[in-house]
Amino acid sequence: MSGLSRRRFLAISAATGLTGSAGAAPAPRLTWRGVALGAEVSITLDGPPEVTRPALARARHEIEAYEARFSLFRAASDLSRLNAAGHLPDLDARWRAMLDLCDRLHRATGGRFDPTIQPLWLAHATGGDISAARALVGWGRVALPAPGRRGLHLDAGQALSLNGIAQGAASDAVRQVLREAGLTRLCVDMGETATAGGPWRMGVLDPQKGRFGRVVLQDTALAVSSPGALSVAPGIFHILNPLGGEEPPWSSVAVVADSAAMADGFSTAACLMSTEEIAAVATLLGDVREVLLLDRRGRVERIRPA
């Protein structure tokens, strides 16, 4: 959880409801390629230029807004300034929504989702003092905005990483602005996948074992977390347990949920939970539709909350 992770390639595609009509000429296509969230990104929009051009501008604005707030790769981002100073005096709607969801996931998962893991991640990555860094972990010590208390305040020495949720939130935001622009069939892949329309049939991949399942998305989102995809130090997975204890029991966890932010955050925490705990929390959260679990021996379990 080191910030918005650097994927090699991101892709966003969308079309208006006017495309694909029988006998109709193909709708004009607008394509943009650039860099966003630390990776190459492609945006392809099919539809009338009067729809797709402003939609592209809004999508690019939304991506930039999330980078400016939540990237650890930018020294001037809100998150970098928060970690340096220990407080952030002004929070906009994106920040408030992010903090609300982080707090909800932290409580529902019994502390397995905890953005204050960043000092521990850095200690492992740089050979620092692991015990001292672990002592800084604790979402309950973060002073969230409240009546009579402005802004966001960290306890001494704390730092946040939102890698386990920010890409999903950015995917949701782009999906929303494209919907509002009149595009009705969407697949937004920004590290996590958010769709509108469908059905979208997608394979679910584990970095070591390959495809281990398939899901169908329709107005839903998908996130896959794989502890073994990256090691921060020899024998140390990049998904760290805020509570300490044993290594993650799962090779990969895939979550289908109404929002990509929820799928992203819950898939991260679920890597550290038992089957029974995952099923209970998925039911409690209410907007999780399906969970696929791949254990280290290659066995697959599928959970559909009641």
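Predicted model: local features only at pLDDT ≥ 70, side-chain atom pairs only at ≥ 80, totals over all residues.
Hi everyone. A helix here is a DSSP run of H or I with at least four residues, and helices are numbered from the N terminus.

Let's start with Thr52. This residue sits in helix 1, which covers residues 49-70. Is Thr52 buried or exposed? Its relative accessibility is 2%, and since buried means under 20%, Thr52 counts as buried. Who are its partners? If we skip the neighbours within four places in sequence, Thr52 is in contact with Leu30, Leu45, Asp46 and Gly47.

Now let's move on to helix 8, residues 275-285, and its packing with helix 7, residues 260-270. Their axes lie 11 Å apart, at an angle of about 155°. Angles over 145 degrees count as roughly antiparallel, so that is how helix 7 runs relative to helix 8. The crossing of this pair is right-handed. From helix 7, Met262, Phe266 and Ala270 meet Ile278, Val281, Ala282 and Leu285 of helix 8. Those contact residues are seven nonpolar, with no polar and no charged ones.

Helix 8 also has a crossing with helix 3, residues 93-108: here the axes come within 10 Å and cross at roughly 140°. That angle makes helix 3 oblique to helix 8. Helix 3 passes helix 8 in a right-handed crossing. Which residues make the contact? On helix 3 they are Arg104, Leu105 and Ala108, and on helix 8 they are Val281, Leu284 and Leu285. This group divides into five nonpolar, no polar and one charged.

Technical notes. Residues numbered from 1 in each chain as written. Heavy atoms only, no water. Helix = DSSP H or I, 4+ residues; strand = E, 2+ residues; numbered from the N terminus. Buried < 20%, exposed > 50% of the residue type's maximum accessible area, 1.4 Å probe, protein only. Contact = heavy atoms within 4.5 Å. Axes fitted to C-alpha atoms, helices over the stretch in contact; angles between N-to-C directions. Parallel < 35°, antiparallel > 145°, perpendicular 65-115°, else oblique. Left-handed = near helix turned anticlockwise from the far one by under 90°. Nonpolar A, V, L, I, M, F, W, Y, C, P; charged D, E, K, R; others polar.
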